[in-house]
Amino acid sequence: MAPVADQAKMAADQAKMVAAQRIEDARYWAAPRLEEAAHRVEDELAPKVSSMLVTAAGKIDPSPQKSRRWPVVVLMTGLALGAVGYVFYRRNAQQWTEHMKDSASDASRWVSEKSDQAVDSTKSMASTVSDKTDEASRKMS
């Protein structure tokens with residue numbers, strides 16, 4: 001019986017070593033996965049749970065809610081002022097365009113009158129020069 005007991009003891013020691021090795025392998029495998037799971041809970045689940053708890057607390061809080069109308073009022077006022085500004089801009093641009101057309105027309109008319117005066121003046125001077133040239137050529141002949 002002693003040899004059977006020795007064999008059983010050796011088998012038990014071997015089983016103990018194999019079990020210890022497998023437990024160590026399992027710990028090497030599980031440690032990074034547990035750490036990754038902890039980070040996921042911290043990054044993904046915790047904010048959602050926190051948000052849910054804050055929402056629940058807000059719903060059951062008996063204190064009066066603060067008014068959130070003023071941002072809407074400011075937004076609507078800004079939009080109205082922007083629309084009025086746009087209308088004034090378009091009207092002013094239209095008036096400016098009409099004024100520039102009138103100014104261009106006036107300038108064109110003024111240039112035309114000045115060029116007509118210059119042509120008339122040039123014609124009268126040319127006529128005077130021509131008359132004097134004719135008179136001078138008659139005197140020379």
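Tutor: A polar contact is a pair of N or O atoms within 3.5 Å; within protein, one must be able to donate a hydrogen and the other to accept it, and residues adjacent in sequence count only if both atoms are side-chain atoms. Here, a polar atom of the Arg33 side chain lies 2.9 Å from the backbone oxygen of Trp29. This is a predicted model, in which local features need pLDDT of at least 70, side-chain atom pairs count only at pLDDT 80 or more, and totals for chains, interfaces and linings use all residues. Residues are numbered from 1 along each chain as its sequence is written, and side-chain values use heavy atoms, with hydrogens and water left out.

Student: How many salt bridges does a search of the whole structure find?

Tutor: Side chains of opposite charge can pair when their charged atoms come close. The criterion is a side-chain nitrogen of Lys or Arg within 4 Å of a carboxyl oxygen of Asp or Glu. The search finds one salt bridge. Arg40 and Glu36 form a salt bridge, with N to O at 3.0 Å. Because Arg40 and Glu36 are four residues apart in helix α1, about one helical turn separates them. Glu36 is partly exposed, with a relative accessible area of 41%.

Student: Where does α1 bend?

Tutor: A bend at a residue is the angle between axes fitted to the seven residues ending there and the seven starting there. In α1 the bend is about 40 degrees at Leu45, and a proline, Pro47, follows within four residues.

Notes:
Helix = DSSP H or I, 4+ residues; strand = E, 2+ residues; numbered from the N terminus. Buried < 20%, exposed > 50% of the residue type's maximum accessible area, 1.4 Å probe, protein only.
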